[in-house]
Amino acid sequence: MSKKTEQIKADFLKAIETVRTQPDLAKLKADFIGKKGVLSEILKEMKGQPPEIIREIGQVVNQLKTEIEKTVDDKMKKIEAAVINEKLKRERIDVSLRESLFDRGLTDAGYHPVTLIQREVEDVFTSMGFEILDGPHIEDDYHNFVALNIPKHHPARDMQDTFWFSDLKHLLRTHTSPIQVRGMESRKPPFKFVGPGKVFRNEATDASHEMVFHQIEGMMVDENITVSHLIYFMKTLLSEIFGRSVEVRLRPGFFPFVEPGFELDIKCLICGGKGCSVCKHQGWLELLPCGMVHPNVLTYSGIDIKRYNGFAFGLGLDRLVMMRYGIDDIRHFHGGDLRFIRQFKSC
Ligand code: PHE
């Protein structure tokens with residue numbers, strides 16, 4: 001009998017030498033130690049033999065089974081390692097590949113300054129617990145105007161020269177304020193969020209006007225919100241962006257969706273308020289329209305005005321970039337001149 005097991009062992013060791021794949025190995029294992037494998041056959045053949053012989057042979061067979069199991073396991077590990085190695089060879093990515101091989105996009109030119117400042121502003125607001133929302137560039141009349149307290153045929157529509165689609169129901173959004181409406185529609189107070197993005201107006205282009213520019217909208221709705229909350233968040237934002245504490249003042253401003261509405265000015269960072277060419281000798285720079293959300297706007301979006309109120313603002317990102325870097329013509333932003341973009345690689 002031991003001769004027979006010796007032979008089986010020799011056959012097994014010879015067979016496993018040639019096995020290269022996981023399925024072949026599994027088959028080999030089944031052939032030798034599976035339910036219908038050769039070792040099971042031996043055990044079956046022992047039926048009717050005296051108990052001491054059964055015990056003796058049983059021991060030899062079990063020992064061989066253990067040996068075979070171990071050899072199969074070891075081989076399996078080797079095959080797996082080889083498979084992974086093969087895969088790695090095939091899928092290898094050379095992380096040292098020089099990115100400047102691709103002479104376009106961010107690899108060479110860097111990010112657009114508006115993108116950089118947008119990210120900074122987002123970071124400041126997320127650190128204060130604000131969400132960041134997105135909204136469609138193609139808006140409908142309701143979200144861009146009606147729900148913001150600008151009904152059809154209201155003269156306030158003339159404040160924003162609009163690109164309408166031929167159905168006269170859709171338009172390229174003229175401001176990021178529709179993000180306010182979409183934000184209010186999709187959440188319950190209290191909430192606070194900002195919504196950055198491109199906006200479009202049919203402007204005559206000059207050094208300070210473009211047809212495509214960028215805003216970041218902000219809104220906070222809760223119980224007992226006051227103008228002090230608004231001033232606090234605006235001051236924090238501007239101090240972070242300009243890297244020093246800034247002085248602000250509010251003047252009345254008209255926007256149908258806020259009441260009271262303000263223009264927020266900052267004390268000129270160039271002359272410290274004494275008056276210079278940048279602030280046109282005013283000492284102050286107009287920066288950011290804002291106000292307390294008009295009750296009609298809250299009501300349109302289903303918010304209970306007996307309990308909640310809030311503030312909103314709309315910050316022009318292009319203007320902010322121009323002030324920070326002393327850029328005197330907004331048309332550089334879309335000029336596509338890489339020499340311009342390359343200056344803002346990091347920030
Ligand atoms: N949406 C206004 C604009 O683009 C700015 C604004 C936003 C004013 C929020 C007040 C509150 O002119």
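# Briefing: sheet, helices, cores and cysteines

Helix α6 (residues 113-127) has 15 residues and spans 21 Å from its first C-alpha to its last, close to the 21 Å expected at 1.5 Å a residue. The expected span is 1.5 Å times one less than the number of residues. Helices (H or I, at least four residues) and strands (E, at least two) are DSSP runs, numbered from the N terminus. This is a predicted model: local features need pLDDT of at least 70, side-chain atom pairs count only at pLDDT 80 or more, and totals for chains, interfaces and linings use all residues. Residues are numbered from 1 along each chain as its sequence is written, and side-chain values use heavy atoms, with hydrogens and water left out.

**Helix α6**

- The buried residues of α6 are Pro113, Val114, Leu116, Ile117, Val121, Glu122, Val124 and Phe125.
- Buried means under 20% relative accessible area, exposed over 50%, and partly exposed in between (1.4 Å probe, protein chains only).
- An α-helix has 3.6 residues a turn, so residues three or four places apart point the same way.
- Just after α6, Gly129 takes a positive phi of about 90°.

**Sheet**

- An open sheet of 7 strands runs in the order β1-β4-β5-β9-β8-β7-β6, with mixed pairing.
- Its edge strands are β1 (131-132) and β6 (248-252), each pairing on one side only.
- Two strands pair if DSSP finds at least two bridges between them.
- Strands β1 and β4 run parallel and are joined by 2 bridges; Ile132 has Val194 in β4 as its bridge partner.
- Strands β4 (residues 191-200) and β5 (residues 212-222) run antiparallel, joined by 10 bridges.
- Gly195 has Glu217 in β5 as its bridge partner.
- Helix α8 (residues 177-186) packs on the sheet and touches β4, β5 and β9 (309-316); its direction makes about 140° with that of β4.
- Helix α11 (residues 317-325) also packs on the sheet, touching β5, β7 (258-267), β8 (284-293) and β9; its direction makes about 55° with that of β9.
- Axes are lines fitted to C-alpha atoms, for helices over the stretch in contact, and angles run from 0 to 180 degrees between N-to-C directions.
- Contact means heavy atoms within 4.5 Å.
- Because 8 of its 10 residues are buried, β4 is largely enclosed by the rest of the structure.

**Nonpolar cores**

- A nonpolar core is a set of buried Ala, Val, Leu, Ile, Met, Phe, Trp, Tyr and Cys residues joined through side-chain atoms within 4.5 Å.
- The largest core has 48 residues, of which Phe125, Ile266 and Phe313 touch the most other members.
- At least two residues of this core come from each of α6, β5, α9 (227-242), β7, β8, β9, α11 and α12 (338-341).
- Helix α9 supplies the largest share, 7 residues.
- Leaving aside neighbours within four places in sequence, Phe125 is in contact with Phe130, Val194, Met234, Leu237 and Phe313.

**Cysteines**

- A search of the whole structure finds 0 disulfides, a disulfide being a pair of cysteine sulfur atoms within 2.5 Å.
- Cys276 is in no disulfide, and the nearest cysteine sulfur, that of Cys268, is 3.7 Å away.
- Cys276 counts as buried, at 13% relative accessibility.
- The sulfur of Cys290 is 19 Å from the closest cysteine sulfur, in Cys268, which is too far for a bond.
- Cys290 counts as buried, at 3% relative accessibility.

**Gly253**

- Gly253 is found in the loop between β6 and β7 and counts as buried, at 19% relative accessibility.
- Not counting residues up to four places away in sequence, Gly253 touches Gly261, Phe262 and Glu263.
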